[in-house]
Amino acid sequence: ITTGAQLDATHCIRAARPNYYDFNRGVEGASLADADDKLYTAYAKSMELAAAAGVRTLGFALLSSGIFRGPRSVEEVLTIAYRAILDNAYKGLVEVHLVGFTDAECAALTRVAAA
């Protein structure tokens with residue numbers, strides 16, 4: 001976690017996302033389930049850092065939802081994101097925004113949020 005610098009934000013949390021293609025190829029014996037765990041952990045750790053900093057409003061660029069999602073569907077990786085955020089919500093948190101950049105991502109966000 002760093003300052004927001006030139007952003008219109010007080011903090012910036014940089015989360016490392018898994019590359020599902022590496023996990024799908026079994027790099028170092030890893031599996032897609034391992035990638036799912038790493039994705040969940042990336043969101044969960046970001047939530048933990050935000051809580052420690054007293055962040056009330058949080059925005060996420062989608063992690064592993066584009067070219068790095070491998071064989072997973074957009075809905076699958078977004079479901080992991082939603083679960084991690086809901087599981088790690090904290091007192092004082094007001095809003096969390098998941099930001100889609102493509103029409104397909106935005107449509108998938110709407111579907112997953114409604115499920």
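1. In this predicted model, the buried residues of helix α3 are V74, V77, L78, I80, A81, A84 and I85. Around the helix axis they cover an arc of only 150°, which puts them on the same side of α3. The spacing of such a list can be read against the helical repeat: an α-helix has 3.6 residues a turn, so residues three or four places apart point the same way.

2. What lies over the buried side of α3? The cover of its buried residues includes helix α1 (20-24), helix α2, strands β3 and β4, and helix α4.

3. The packing of α2 (residues 32-52) against α3 is described by an angle of about 35°, with the two axes 9 Å apart, and the crossing of these two helices is right-handed. On the α2 side the contact is made by D36, L39, Y40, Y43, A44 and M47, while α3 contributes V77, I80, A81, R83, A84, I85 and D87. Of these α3 residues in the contact, V77, I80, A81, A84 and I85 are also among the buried residues of the helix.

4. Within α4, the residues E105, A108, L109 and V112 are buried. Viewed down the axis of α4, these buried residues fall within an arc of 105°, so they line one face of the helix. The face turned away from that buried side carries the exposed residues D103, T110 and A114.

5. Is Y90 buried or exposed? With a relative accessibility of 16%, under the 20% limit for burial, Y90 counts as buried. Leaving aside residues up to four places away in sequence, Y90 touches M47, A50, A51 and V55, and its side chain reaches the backbone oxygen of V55 at 2.5 Å. The C-alpha atoms of Y90 and G54 are separated by 9.6 Å, although the two residues are 36 residues apart along the chain. M47, which Y90 touches, also takes part in the contact of α2 with α3.

6. S64, in the loop between β3 (57-61) and α3, has a phi near 55°, a positive value in a residue other than glycine. S64 counts as buried, because its relative accessibility is 4%.

7. As for the chain overall, its secondary structure comes to four helices and four strands, which follow the pattern β-β-α-α-β-α-β-α along the sequence. Of its 115 residues, 36% count as buried. Among the contacts in the chain with a separation of 6 or more, 67% are accounted for by residues 24 or more positions apart.

Technical notes. Residues are numbered from 1 along each chain as its sequence is written. This is a predicted model: local features need pLDDT of at least 70, side-chain atom pairs count only at pLDDT 80 or more; totals for chains, interfaces and linings use all residues. Side-chain values use heavy atoms; hydrogens and water are left out. Buried means under 20% relative accessible area, exposed over 50%, partly exposed in between (1.4 Å probe, protein chains only). The arc is that of the directions from the helix axis to the C-beta atoms. Contact means heavy atoms within 4.5 Å. A polar contact is a pair of N or O atoms within 3.5 Å; within protein, one must be able to donate a hydrogen and the other to accept it, and residues adjacent in sequence count only if both atoms are side-chain atoms. Axes are lines fitted to C-alpha atoms, for helices over the stretch in contact, and angles run from 0 to 180 degrees between N-to-C directions. A crossing is left-handed if the near helix is turned anticlockwise from the far one by less than a right angle, and right-handed if clockwise.
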